[in-house]
Amino acid sequence: MDKFKTVLNIAGKQTNLGFGLIALLTAGGEQIFSAVVFKCPCNELNFVYGIVFLLVPALALLLLGYILSKKTWKLLTGLCRRSEKLLCCKKLVAAGVVLCQIGTFALVAPSTWIAVALLNGNYYECAMTGTNVSIYNKHVCRDRNSEIQCEKELHRFPCGKSISVPQAVREDVLLNLRAESQILGWMLITLIMLTNLVLTCVARCSSPISYLQLQFWKAYVHEESNLLDSYTAKHAKAFAERNLKTFFEKTPPENVITPSNRDWEKISSLYKFTTKDTYYSTLHRYVENCQETDNGTMRMSSVKSNESVEDNPAVLSFVDDGRMPL
């Protein structure tokens, strides 16, 4: 289990590997569902049953993508306390942009599920044989022997239950439906790849930083995320040990410095880009704006920028997730 968690952590922080792993797991899950769980009822429920298996798991995977995104909870945590600030149009637009950025990652699994399901053809075949649209049923059964009977018993074709329609006609109809499904599947894959290419090109063309600096930025975010998780766990363990030792041994508590609520809030906010000062993360911004006081502790300096930082470049969408995209 520990090794499996390690693989998931690596995949979550490296987008290329993460996308491949997510797509592979989704495709494997779809094949298992199609072979083991899915059983077309071959009655009036065909359409609903097929569409549910095609789209509902994709919707569940989309919601799961939002749930597992670190950026989602950075955006939502404490949002109700700041509700008055959200009335500003710029704030609403910025929140919408963040949700769209999360959606680009969350859509990987749903789109994979739908594409693989269409290439497989079972869900589409079941759904389309259960349509009550007479025009479509005539289209499917056109130029067939026993065309009227074919339209009446179309919903039975996936199970091979039709008696009055020859087997050759049933197989021909199902073959055409499977071909339509696979065509839609390849069209969806092509559309996804083309859209991804266009969005990546637009993001890179509008990037305010150079290619090599972007590579360094990705490496920094990756290392910071790993070290933050490790250091947080170590500090929490030391703090817990201090409290337990004081409780059980009845000794005075040792002095353990822990960041204040305001400090945590500052490094937990979403990253905002500015061309005036180069900060590689919210933690970097916090550290650079800290000043040492007389008693040796650190306090935030009052540093303000006159430049707008509401809209982050699309190429820097990886910063809050600790990921390494292309």
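Colleague: In this predicted model, which residue lies over the face of Phe-247?

Modeller: Lys-250 does, at 5.0 Å from the centre of the Phe-247 ring.

Colleague: How many aromatic pairs does a search of the whole structure find?

Modeller: The search gives 11 aromatic pairs.

Colleague: What describes a pair of aromatic rings?

Modeller: Two things do: the distance of the centres and the angle of the planes. Take Tyr-49 and Phe-53. Their ring centres are 4.8 Å apart and their planes stand at 45°, so this pair is tilted. The label follows because planes under 30 degrees apart count as stacked and planes over 60 as edge-to-face, with the rest tilted.

Colleague: Where do Tyr-49 and Phe-53 lie?

Modeller: Both are in helix H3, which covers residues 46-68. They are four residues apart, about one turn of the helix.

Colleague: Is Phe-53 buried or exposed?

Modeller: Phe-53 has a relative accessible area of 13%, so it is buried, as under 20% counts as buried. Tyr-49, at 24% relative accessibility, counts as partly exposed.

Colleague: What are the distance and angle for the rings of Phe-53 and Tyr-123?

Modeller: The centres of these two rings are 5.7 Å apart with the planes at 45°, so the Phe-53 and Tyr-123 pair is tilted. Phe-53 belongs to helix H3 and Tyr-123 to helix H7 (residues 122-128), so the pair ties together parts 70 residues apart in sequence. Phe-53 and Tyr-123 are both buried.

Colleague: Which residues do ring pairs link into a cluster?

Modeller: The cluster consists of Phe-216, Trp-217, Tyr-220, Tyr-271 and Tyr-280, linked by ring pairs.

Terms used:
Residues are numbered from 1 along each chain as its sequence is written. This is a predicted model: local features need pLDDT of at least 70, side-chain atom pairs count only at pLDDT 80 or more; totals for chains, interfaces and linings use all residues. Side-chain values use heavy atoms; hydrogens and water are left out. Rings of Phe, Tyr and Trp (its six-membered ring) pair if their centres lie within 6.5 Å; planes under 30 degrees apart count as stacked, over 60 as edge-to-face and the rest as tilted. Helices (H or I, at least four residues) and strands (E, at least two) are DSSP runs, numbered from the N terminus. Buried means under 20% relative accessible area, exposed over 50%, partly exposed in between (1.4 Å probe, protein chains only). A charge sits over a ring if NZ of Lys or CZ of Arg is within 6 Å of the ring centre and within 35 degrees of the ring normal.
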